[in-house]
Amino acid sequence: MNNKFITVTSPLLPDLETFHGMLKEIWESKFITNNGSFHKQLEKELAAYLKVPYVSLFTNGTLPLITALQALRVTGEVITTPYSFVATTHALWWNGIKPVFVDVDPNTGNLDPDKIEAAITPKTTAIMPVHVYGKPCDTKRIQEIADRYGLKVIYDAAHAFGVEVDGESVLNAGDMSTLSFHATKVYNTIEGGAMVMHDEKTKQRIDYLKNFGFAGETTVVGPGINSKMDEVRSAYGILNLRQVDDAISARKEVAIEYRKVLRNVEGITFFDDIPGVKHNYSYFPIFIDEQKYGMSRDDLYMKMREAQVYGRRYFYPLISEFSTYRGLESADPKNLPNAHKMANTVICLPMHHALSKEDIQRILSLIVK
Ligand code: T4K
């Protein structure tokens with residue numbers, strides 16, 4: 001039996017020799033951070049690749065969320081989803097903002113637009129949805145609600161690198177979108193992230209804010225933070241951008257193989273591609289109906305682990321179940337039935353560019369009985 005570990009993801013790595021060449025340039029220039037030439041180049045190349053007007057690079061995907069809330073002066077209460085990675089809600093907490101959890105649509109896992117209005121109070125200032133697993137939110141309906149109530153919209157697009165709807169980047173929705181370039185993401189800069197904005201003035205303001213608020217050697221325009229990306233990771237990012245399309249194509253092949261087999265397994269469901277959407281295949285979540293499948297999610301999860309296949313239960317437990325948040329009125333499980341059901345039944349199967357046909361068969365053989 002093949003006992004090689006199969007992990008939920010594996011990072012896309014640039015060619016080492018080419019990277020060495022770029023490191024040599026950095027060493028020679030001695031310019032290793034603070035808006036250097038590779039940083040500038042990567043911001044430009046990313047904006048072109050992602051089909052967005054402006055990109056500001058960050059040192060991870062959490063700080064652009066925190067900074068976006070600061071920049072838009074969001075206060076009071078923000079409507080958000082419990083079905084995400086904790087960083088989404090932590091960004092609110094770090095700004096002294098009260099998260100108000102709204103349930104998700106079981107067909108997408110994203111914030112259910114039908115349930116947003118009932119959660120709006122006089123203290124609500126913004127909506128912070130997540131394109132979970134890279135599946136686009138209903139951005140049109142969310143914007144309509146935001147416009148009606150005068151709310152800001154910040155998308156946590158950590159999973160939505162390169163996702164398009166009818167040829168338009170999903171990152172252009174709302175007031176701002178944020179990305180994560182963590183090692184576990186479709187596109188990575190080891191640690192890293194970015195903010196996408198619509199106009200030059202906002203880009204300028206964000207660039208000041210991520211550099212302590214400095215607008216010149218002696219001018220500080222606001223209480224900024226340090227969340228800059230350095231030259232080494234910018235260079236790495238430039239190289240990874242050249243191979244990300246191939247990585248996404250390889251991921252798509254994995255999704256095709258999984259779907260072909262799992263479609264016939266009673267009690268297992270998954271998301272299909274949505275017509276008109278360019279997906280990035282960042283995750284492959286399956287949902288287990290214990291009654292129909294004849295085994296619980298956790299038993300299957302453990303069975304896979306024992307066979308060295310490490311899926312992950314993204315996103316279990318729900319954010320609303322963590323001690324920081326579970327005292328909130330909106331964290332009551334009765335308010336979040338769909339999110340709870342998803343969190344209690346999900347396993348994200350291994351999904352990355354380097355999975356072989358043999359790996360895929362090994363994973364599927366553990367699920368198909
Ligand atoms: N918003 C959303 C919706 C997010 O999902 C995230 C991050 C953020 C915001 C915040 O963005 P960042 O500040 O992180 O940029 C991971 C990631 O750390 C996190 O970035 C990600 N979401 C979250 C969903 O997953 P873990 O704790 O599951 O990662 P870990 O270390 O267990 O890695 C999973 C597997 O990946 C390992 O079993 C093996 C493989 N791996 C991992 C690393 C780090 C590698 O092969 N090489 C590696 O270097 O959190």
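Helices here are DSSP runs of H or I with at least four residues, and strands are runs of E with at least two, numbered from the N terminus. This is a predicted model, in which local features need pLDDT of at least 70, side-chain atom pairs count only at pLDDT 80 or more, and totals for chains, interfaces and linings use all residues. Residues are numbered from 1 along each chain as its sequence is written, and side-chain values use heavy atoms, with hydrogens and water left out.

Let me start with helix α4. Just after α4, Gly-96 has a positive phi of about 70°. The helix itself spans residues 87-94, and its buried residues are Ala-87, Thr-88, Thr-89, Ala-91 and Leu-92. Buried means under 20% relative accessible area, exposed means over 50%, and partly exposed lies in between (1.4 Å probe, protein chains only). What covers those residues of α4? Among the elements are α3 (63-71), β3 (77-80), β4 (98-101), β5 (124-128) and β6 (152-156).

Next, a loop residue. Asn-188 sits in the loop between β9 (176-180) and β10 (193-197). Is Asn-188 buried or exposed? Asn-188 counts as buried because its relative accessibility is 0%. Contact means heavy atoms within 4.5 Å. Beyond its neighbours within four places in sequence, Asn-188 is in contact with residues including Pro-11, Leu-12, Phe-181, Tyr-236 and Asn-240. Asn-188 and Asn-240 are 52 residues apart in sequence, yet 7.2 Å apart in space, C-alpha to C-alpha.

Last, Glu-290. Glu-290 belongs to helix α8, residues 290-293. Its relative accessible area is 44%, so Glu-290 is partly exposed.
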